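User: I am new to this one. Please show me how to read its features, one at a time.

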Amino acid sequence: MRTMEQIDAWYKAEMNKARLEGKIEAASNMIRFKFATSALTPQIASQLEKLNCQQLDDFAVEMLNWQQPKEMEKWLLQFV
């Protein structure tokens, strides 16, 4: 049987995982809507999955400034 502390830790971990997955999905949708579906390459999707929550928030803000997919790709390269 699990203790309340273990249950709380599990719950927090699951919530953080869900938050991260939601931010990755939102970033992917932003790319599709702004640059077309073809801009979301497997490489770009993989790079998004490597970002943490704060980096994904920063990505969303920067997305508003980019005019070309190359600008997005250049920004993502700093986290490779």
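User: How many aromatic pairs does a search of the whole structure find?

Analyst: A pair of aromatic rings is described by the distance of the centres and the angle of the planes. Rings of Phe, Tyr and Trp (its six-membered ring) pair if their centres lie within 6.5 Å; planes under 30 degrees apart are stacked, over 60 edge-to-face, and the rest tilted. Here the search finds four aromatic pairs. Ring pairs join Phe59, Trp66, Trp75 and Phe79 into a cluster.

This is a predicted model, where local features need pLDDT of at least 70, side-chain atom pairs count only at pLDDT 80 or more, and totals for chains, interfaces and linings use all residues. Residues are numbered from 1 along each chain as its sequence is written, and side-chain values use heavy atoms, leaving out hydrogens and water.

User: At what angle do α1 and α3 pack?

Analyst: Two packed helices are described by the angle between their axes and the distance between the axes. Helices are DSSP runs (H or I, at least four residues), numbered from the N terminus. Axes are lines fitted to C-alpha atoms, for helices over the stretch in contact, and angles run from 0 to 180 degrees between N-to-C directions. α1 and α3 (residues 53-63) pack at about 20 degrees, with axes 10 Å apart. They are therefore roughly parallel (under 35 degrees; over 145 is roughly antiparallel, 65 to 115 roughly perpendicular, the rest oblique).

User: Which residues of α1 and α3 make the contact?

Analyst: Contact means heavy atoms within 4.5 Å. Those of α1 include Leu20, Ile24 and Phe35, and those of α3 include Leu56, Phe59 and Met63. By class, this contact has eleven nonpolar, no polar and four charged residues. Ala, Val, Leu, Ile, Met, Phe, Trp, Tyr, Cys and Pro count as nonpolar, Asp, Glu, Lys and Arg as charged, and the others, Gly among them, as polar.

User: How do α3 and α4 pack?

Analyst: α3 and α4 (residues 69-77) pack at about 155 degrees, with axes 11 Å apart. That makes α3 roughly antiparallel to α4. Gln55, Asp58, Phe59, Glu62 and Met63 of α3 meet Met72, Trp75 and Leu76 of α4. This contact has five nonpolar, one polar and two charged residues.

User: Is Ser28 buried or exposed?

Analyst: Buried means under 20% relative accessible area, exposed over 50%, partly exposed in between (1.4 Å probe, protein chains only). Ser28 is in α1 (residues 4-35). Ser28 counts as buried, because its relative accessibility is 10%.

User: Where does Leu40 lie?

Analyst: Leu40 lies in the loop between α1 and α2 (42-49). Leu40 counts as buried, at 17% relative accessibility. Beyond neighbours within four places in sequence, its contacts include Ser28, Ile31 and Leu48.

Conventions:
Helix = DSSP H or I, 4+ residues; strand = E, 2+ residues; numbered from the N terminus.
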